[in-house]
Amino acid sequence: MMGFLIALGVLLLVSIIWMVYRIQTLVSVVKGSEKKVATGSNKVNAALFLLFLIGSGVLMFWYSIKEFDTYHLPIASEHGVVTDNLFWVTMAVTGIVFIITHILLFWFSYRYQYKEENTAAFYPDNNKLEILWTLVPAAVLTVLVVSGWKAWSDITAPAPENAHVIEVMGYQFAWEFRYPGKDKQLGNYDYRLINPTNSRGIDFTDKNALDDFPAQKVVIPVGEPVLFKIRSRDVLHSVFAPHMRLKMDAVPGMPTRFWFVPTKTTAQMRAELKDDEFVYEIACTEVCGGGHFSMRREIEVVEPEEYQKWFAEQKTFVEMDPALIADAPSEIKELAQIESAE
C-alpha cells in the first residue's frame with residue numbers, strides 16, 4: 001500500500017511540473033517572447049481524427065446490424081407497436097443529427113488544423129440562422145414529446161372494464177402475484193397486517209379478499225386486456241416485461257398501474273423463435289439490493305379457454321390457510337365457508 005501511495009505521489013509531482021512548464025510556455029507565447037512553431041504532430045492528430053471517425057462509424061453500424069435481433073425483441077402486446085414506432089422515429093431523428101454533427105466535428109478538426117498561414121474567419125452573428133436552429137429543434141421535440149405523452153397517457157389510463165386484474169407486489173428479493181376471485185375485485189391490504197403468514201398484508205376482514213388467490217407465475221389470456229396493479233413492500237423496484245414493452249416502477253406507499261393487451265401466446269412465440277424453452281418474463285430494473293438479480297418470474301400467455309380452466313382450478317388464500325381468518329368476524333367466516341363450497 002505504501003509503495004502504491006509513493007508511486008501515486010511521484011506521478012502527481014511529475015504531472016504538476018509538466019503543467020507548470022506548459023503554462024510558462026503559453027505565457028511566453030502570449031507575451032511574444034516565444035514564437036509558436038507548428039510541428040508534424042498537427043497533421044498526425046488531424047489524420048487520427050478522421051481515422052477515429054471512420055473506424056468508430058464502421059464499428060457502430062456493423063455492431064448495430066449484427067446484434068439487431070439481440071436488442072430488438074419481438075413485440076407481444078398491442079401498445080408495444082406504438083412504443084416501438086416512437087422509439088425508432090426518435091432514434092431516426094436524433095441519430096441523423098448525431099451522425100451529421102459528429103462528421104462535421106471531426107472534419108472541422110482535420111480541415112482547420114493549425115497552419116501558420118491560416119487566418120480565422122470573423123463571423124459575428126446571423127439572426128436568420130439563430131431563429132432557424134432554434135425553431136426547428138423546438139418543433140421536432142414538441143412533436144416527439146406530445147407523441148410520447150399521448151402513448152404514456154393511454155397505457156396508464158383506466159383499464160377497460162373487462163380487464164383481468166393482477167396485483168404485482170415487489171419486495172427484497174422476489175415478486176408476489178395476487179388474483180381476484182369470481183367477484184373480480186381485489187381485497188384491501190394494509191402494510192400493518194404483514195406478518196409471516198400474510199406476507200402481502202391482505203385485509204381478510206374485507207369480503208372481496210376471501211376469494212383472492214396467489215400464483216407462482218402470471219397467467220394471462222391472449223387478446224384480452226390485462227391490468228397490473230403494482231406496489232412495493234419495502235424499497236423501489238421496477239416491473240419490466242420486455243416483450244410486452246412494459247416497464248413501471250413499484251414505489252413504496254404509491255401504487256402504480258399498467259394495462260396492456262397480449263397478442264401472442266407463449267406457444268406462438270416459441271414457434272416464431274423456434275425455441276421450445278422460451279418464456280416471457282418479469283424482471284426488476286431497479287438495483288434494489290444484493291439479491292436484485294433473483295427477481296425474475298414467468299409470464300405465461302395462453303388461449304382464453306385455457307386461462308378460464310386454469311383460473312377455476314386455483315385455491316384461495318383462505319382455502320390454503322384457514323387460520324388467516326381465525327380472528328375475523330363471524331359473518332366473514334360464514335361468507336368464506338359459502339364461497340369455498342361453491
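Colleague: What is the mean pLDDT of the chain?

Modeller: The mean is 89, and 94% of the residues reach 70 or more. pLDDT is the predictor's confidence in each residue, from 0 to 100. This is a predicted model: local features need pLDDT of at least 70, side-chain atom pairs count only at 80 or more, and totals for chains, interfaces and linings use all residues. Residues are numbered from 1 along each chain as its sequence is written, and side-chain values use heavy atoms, with hydrogens and water left out.

Colleague: Where is confidence lowest in the chain?

Modeller: In helix α9, residues 330-341, at a mean of 67. Strand β4, residues 218-221, is highest, at 97. Helices (H or I, at least four residues) and strands (E, at least two) are DSSP runs, numbered from the N terminus. Where pLDDT is low, the predicted coordinates should not be read in detail.

Colleague: OK, β4 then. Are its faces covered or open?

Modeller: Both are covered. Val218 and Ile220 are buried on one side, Val219 and Pro221 on the other. Buried means under 20% relative accessible area, exposed over 50%, partly exposed in between (1.4 Å probe, protein chains only).

Colleague: Which strand does β4 pair with, in the parallel sense?

Modeller: β10, residues 296-302, over four bridges. Strands pair if DSSP finds at least two bridges between them. Proline 221 has valine 302 of β10 as its bridge partner.

Colleague: Switching to rings. How many aromatic pairs are there in the whole structure?

Modeller: The search finds 16. Rings of Phe, Tyr and Trp (its six-membered ring) pair if their centres lie within 6.5 Å; planes under 30 degrees apart count as stacked, over 60 as edge-to-face and the rest as tilted. One of the pairs is phenylalanine 49 with phenylalanine 106: tilted, 5.6 Å centre to centre, 55° between the planes.

Colleague: What does that pair tie together?

Modeller: Phenylalanine 49 is in helix α2 (residues 41-66) and phenylalanine 106 in helix α4 (residues 78-111), so the pair links parts 57 residues apart in sequence. Phenylalanine 49 is partly exposed, at 36%. Phenylalanine 106 is buried, at 13%.

Colleague: Which residues make up the ring cluster?

Modeller: Tyr179, Phe213, Tyr307, Trp310 and Phe311, linked by ring pairs.

Colleague: And which ring does arginine 231 sit over?

Modeller: Tyrosine 189, with the charged end 3.7 Å from the ring centre. The cut-off is NZ of Lys or CZ of Arg within 6 Å of the ring centre and within 35 degrees of the ring normal. Arginine 233 lies over the face of tyrosine 171, at 4.3 Å.
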